[in-house]
Amino acid sequence: MRGEEEVEEEIEGKESVGWELEEEKRGLGRQILIILHPYIGYIIGCIGMKKAAVLLLAICMFSSALSLAVPVRGLNVSSCALKARDSSEYSPGTAWDMGYKGDGVNIAILDTGVDDGHESLDGRFVAGVDLSKGDYEIEGNPDDTNGHGTHCAGIALGDGGGDGVFAGAAPEAGLLDVKIASALGFGATMDGIEWCEQKKDLYNIRVLSISYGDFGDTDEDGSDSNCRKANAAVEAGLILVVSAGNDGPDNRGMGGLAAADRTICVAAVDDMETVEREDDVMATFSSRGPRMDDGDDDLYDELKPDVSAPGVDISAPDFSITGQHALGYVSHSGTSMACPHVAGVVALMLGANPSLTPEDVKDILHITAEPRGQPDHPHYPYPHNKWNREYGYGMVDAHAAVQMTLEWETGSDGTELEAPTLAREHLKWPGVFRLSWSTTPGAESYTLQESRSSSFTDPSTTTYSGSSTGSTITKAKTGTYYYRIKASNSQTESDWSSTLSVEVDLEVQSEDGNTDQGGNNSDGEGVLFTFYGMPVGLIEAGGIILGIVILTLIVVVVTRMRKRKGGGAGKGEMRDERKEEA
């Protein structure tokens, strides 16, 4: 077992460009190949083609032997910890036990290319494009010259080869190989998203796994042009799963596409080498939220990351730099590894219910995620009251997500809308409170109703109607008030929500333990008016009048004293003048 301090030491000092690579686990042979790669032509010229071929073959065999000989852990643990893959710990409560493995769903891996000749990825290729060469777009089957893309693809959709030990989350999903970065690090992320948007119908692209990005600025608010383009791609029907970045634990917020409103931002946890989730801890390097405030009326779009998944010591397919079939598995750490876990879970969900919209998928992941840590906003409506800055809404639970997917009724196509959930947030003044409600997928507006009867048989008042998700209420009388809300769009409306009762007492205990007086009698008749949302009763009004009287008296006294002083000076001057005349 390893603690967070050990994880931090392991990651410290490594390069952060959207992923963390554990170079010491690449193997000596692979490092030699990477070093020699630019000089292969020179080597051939010096020692001849045959000797160079023998040398490279020996290095490859040495590299493969090391890779296969080193005992590693990773997908055989993390896929099970997700409750995606069957396991002795969680079966039959896994997505695979329910019969869903991603069949019929294609995942686009936007990365450094994919060596799909690897045993874990063999036969999965659907289509691909190389966008890593600047202005050139080369459709075909691009090669991986770094290893990051092959690793991420194996996590999302690898089948583990013959023995299936290192199988990914969705081992029957198809692969779209969208190469947006070369070995030198050139990135064309937005070009990759645009290509997927153009080809989504041709190749049935539903999910994009994006573990590559520029996370240099972690104080973004999601309003830049790239984030707007990402949001537009989601509106077009694509589901963008992105890594949160590796700038934790002291970062200020999110950067790059992790800050976009509509993307699914994934943080990393350490599964501690066990399938059981109870001992999982937050990866020290994982970027923390929330995202910077963009100033709009949505209270919840700053709640990033969205969810968390395993991202430490994940063993997944290795790549080959020489062009032969890739062999073996290698271990890497980073939110780059957490991201494709969730992309694979999304494929499982779409396999169970292909009609899900991107908004449906995000909502289901939020609702079904296992909450961890103390919530940052416990007064928010469910599920937003689960969120905290480390784990987001919680750790992804593939079984719960697929189960809810089967029961989910989307509101975007005119079918039944889900009723919102009401919650009350206490404010500092008696008689003043805020009601907030959960977002209903497909809803265009909400209607909040108030009554003095729990059955709403008494005359009811509509206190709010609009698209917001909250309303501040001010009451001038003590008593019990009942509220309910419903969602609607141009085609249908939801049932009324469960009734929320609110006890209003104008003499209440405030949050600091002091008694606030709202009037001079218990039924609230002493409240005369409200001032900026604060009820003003007889006591407050009397205090205001007394203050005005005292202030007036002070002004009168000061004025008269000044006049008296001025008059005295005048008389003295007159006496002096008379003496001079005499």
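At 17% relative accessibility, Lys 486 counts as buried, where buried means under 20% relative accessible area, exposed over 50% and partly exposed in between (1.4 Å probe, protein chains only). Its salt-bridge partner is Glu 493, with the closest N and O atoms 3.3 Å apart; a salt bridge is taken as a side-chain nitrogen of Lys or Arg within 4 Å of a carboxyl oxygen of Asp or Glu. Glu 493 itself counts as partly exposed, at 43% relative accessibility.

The structure is a predicted model, in which local features need pLDDT of at least 70 and side-chain atom pairs count only at pLDDT 80 or more, while totals for chains, interfaces and linings use all residues. Residues are numbered from 1 along each chain as its sequence is written, and side-chain values use heavy atoms, with hydrogens and water left out.

Of its 582 residues, 52% count as buried. Among the contacts in the protein with a separation of 6 or more, 71% come from residues 24 or more positions apart, contact meaning heavy atoms within 4.5 Å.

The salt bridges come to 17 in the count. One of them joins the side chains of Asp 301 and Arg 291, at 3.5 Å from N to O. Both Asp 301 and Arg 291 lie in the loop between β8 (281-282) and β9 (307-310), so the pair ties together parts that are 10 residues apart in sequence. Asp 301 is buried at 9% relative accessibility, and Arg 291 is buried too, with a relative accessible area of 2%.

With α9 (residues 335-352), helix α6 packs at an angle of about 35°, and the axes are 7 Å apart. Axes are lines fitted to C-alpha atoms, for helices over the stretch in contact, and angles run from 0 to 180 degrees between N-to-C directions. The crossing of α6 past α9 is right-handed, that is, the near helix is turned clockwise from the far one by less than a right angle. On the α6 side, the contact is made by His 148, His 151, Cys 152, Ile 155 and Ala 156, and on the α9 side by Ser 336, Met 337, Pro 340, His 341 and Gly 344. The residues of this contact divide into five nonpolar, five polar and no charged. In this grouping, Ala, Val, Leu, Ile, Met, Phe, Trp, Tyr, Cys and Pro count as nonpolar, Asp, Glu, Lys and Arg as charged, and the others, Gly among them, as polar.

Strand β6 (residues 239-243) is likewise worth a look. Five of its five residues are buried, so β6 is largely enclosed by the rest of the structure. Ile 239, Val 241 and Ser 243 are buried on one side, and Leu 240 and Val 242 on the other, so that both faces of β6 are covered. Strands are said to pair if DSSP finds at least two bridges between them. Strand β5 (residues 205-210) pairs with β6 in the parallel sense over four bridges, and Val 207 stands opposite Ile 239. Strand β7 (residues 264-270) also pairs with β6 in the parallel sense, over three bridges, with Val 241 opposite Ile 264.

An antiparallel arrangement is found in an open sheet of four strands, in the order β15-β14-β17-β18. Strands β15 (461-466) and β18 (500-504) stand at its edges, each with a single partner strand, so one side of each is left without a neighbour in the sheet. From one strand to the next, the twist averages 25°. Within this sheet, five bridges join β17 (residues 479-488) to β18, and Tyr 483 stands opposite Leu 500 in β18.

Conventions:
Helix = DSSP H or I, 4+ residues; strand = E, 2+ residues; numbered from the N terminus.
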